[in-house]
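Please open the model in your viewer and keep the sequence panel beside it. The tour below moves from one selection to the next and says what is to be found at each stop.

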Amino acid sequence: MSTRLDLSDLRLFLHVAETGSITAGADRSHLALASASARIRSMEDALGVALLLRERRGVRLTEAGRALLHHARTVHQQMDRLRDELSEYAHGLKGHIRLLGNTAAISEFLPDALGTFLAQNPYIDIDLEERLSHEIVQAIVDGVADIGIVADSAPTGPLQTIPFRQDRLVAVLPRKHALARRKTLQFAELADKNFIGLSNGSALQEHLAGHALRAGKRLQYRVRLRSFDGICRMVEREVGIAVIPETAALRCKQTMEINSIPLSDAWAKRQLLICVRSREELPGHTRQLLEQLTGPDVAAT
């Protein structure tokens, strides 16, 4: 039997799953209850598996139903983006690129490259969002984003990857701090100190918190800020210490009384990778951005 599912079927299933009721899902989909029930049964027959557990007070998803819900949401989001992008084409916009990156990529390495690209391509827009590396990989696999930049510690599965930049994490301390003359430091030596970090939701802070927990410790933040510059100014005032990308630390050292010390932990020196589903299948404007990001000027670190 054919397993064709049309968009209206997926939309109905999404509404039923979100409301926990075929009646409410039918109402949200502007369908009669009998018609909605018949459509759900038809979907189950076509797929050969139960999607819902019918109960007295509503419905619950089966394992197969949860899998379908994930894909239904992805399709629904993609259709919304398709409508938005086609509308933008009608108003003169020629392209739209969804780019995800970790903290170091977004704050240290992408601004110059994206600024040049956007200045040269005034009819292309870029959605730029910070995520954890493993979340970026999943988003690219699911087709939610076009290009991702992740640390090489994240498994990239079926994705194509291209080296982007070296990213080294360093400890930043006031110049008079007892550890400020060290050549290297282990992260575990710092985990009990007062920390200054980025705001909640930062991929870098999630990364550091994870390594602290694996060492049996929890980072204690005195304050959290939105920029590396602000963090380094707090360090200079001896409020606490921080761990940030080396590029940011070197920049701030030029004007602040701070020292930066490399972390000796293996995970602190990372290769950033660009990941895509397939270079050959990317739209022309997205391929153009990829070529700029992987050009000769990017290879240096």
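How many bridges join β7 to β8, and do these strands run parallel or antiparallel? Select both strands: β7 and β8 run parallel and are joined by 5 bridges, where two strands are said to pair if DSSP finds at least two bridges between them. The model is a predicted one, in which local features need pLDDT of at least 70 and side-chain atom pairs count only at pLDDT 80 or more, while totals for chains, interfaces and linings use all residues. Residues are numbered from 1 along each chain as its sequence is written, and side-chain values use heavy atoms, with hydrogens and water left out. Helices (H or I, at least four residues) and strands (E, at least two) are DSSP runs, numbered from the N terminus.

**The β7 and β8 pair**

Within this pair, show F195, which stands opposite Y221 in β8. Then follow the chain from β7 through α8 to β8, a β-α-β crossover that is right-handed; that term applies if, with the strands pointing away from the viewer, the path from the first strand over the helix to the second runs clockwise. Strand β7 is largely enclosed by the rest of the structure, because 4 of its 5 residues are buried. Here buried means under 20% relative accessible area, exposed over 50%, and partly exposed in between (1.4 Å probe, protein chains only).

**The nonpolar cores**

Next, select L190, I244 and L263, which have the most contacts inside the largest nonpolar core, a group of 33 residues. A nonpolar core is a set of buried Ala, Val, Leu, Ile, Met, Phe, Trp, Tyr and Cys residues joined through side-chain atoms within 4.5 Å. Among the elements that give two or more residues to this core are β6 (160–174), β7, α8 and α9 (228–236), and β6 supplies the largest share, 5 residues. If you centre on L190 and set aside residues up to four places away in sequence, you will find that L190 touches A171, L179, L185, F195, I241, V243 and L263, contact meaning heavy atoms within 4.5 Å. A second, separate core has 24 residues, including A105, I126, I149 and L289.

**Helix α11**

Colour α11 (residues 284–293) by burial, and the buried residues to look for are H285, T286, L289, L290 and L293. They lie on the same side of α11, because they cover an arc of only 145° around the axis, the arc being that of the directions from the helix axis to the C-beta atoms.

**C275 and D146**

Move to C275, which lies in strand β11 (residues 269–276) and is buried, with a relative accessible area of 0%. Apart from its neighbours within four places in sequence, C275 is in contact with a set of residues that includes I140, D146, I147, G148 and V150. The C-alpha atoms of C275 and V141 are 9.6 Å apart, although 134 residues separate the two along the chain.

From C275, step to its contact D146, which forms a salt bridge with R98, the closest N and O atoms being 3.4 Å apart. A salt bridge is a side-chain nitrogen of Lys or Arg within 4 Å of a carboxyl oxygen of Asp or Glu. D146 lies in the loop between α6 (133–142) and β5 (147–151) and R98 in strand β3 (residues 95–101), so the pair ties together parts that are 48 residues apart in sequence. Both D146 and R98 are buried.

**Further salt bridges**

The structure holds 14 salt bridges, and another to select is that between the side chains of E44 and R54 (3.0 Å, N to O). E44 is in helix α3 (residues 33–47) and R54 in strand β1 (residues 52–55), 10 residues apart. E44 is buried, at 8% relative accessible area, whereas R54 is partly exposed, at 34%.

**Two loop residues**

Most residues other than glycine have a negative phi. Select H30, in the loop between α2 (22–28) and α3, where phi is near 60°, a positive value; H30 is exposed, at 73% relative accessibility. Finish at E238, in the loop between α9 and β9, with a positive phi near 65° and a relative accessible area of 52%, which counts as exposed.
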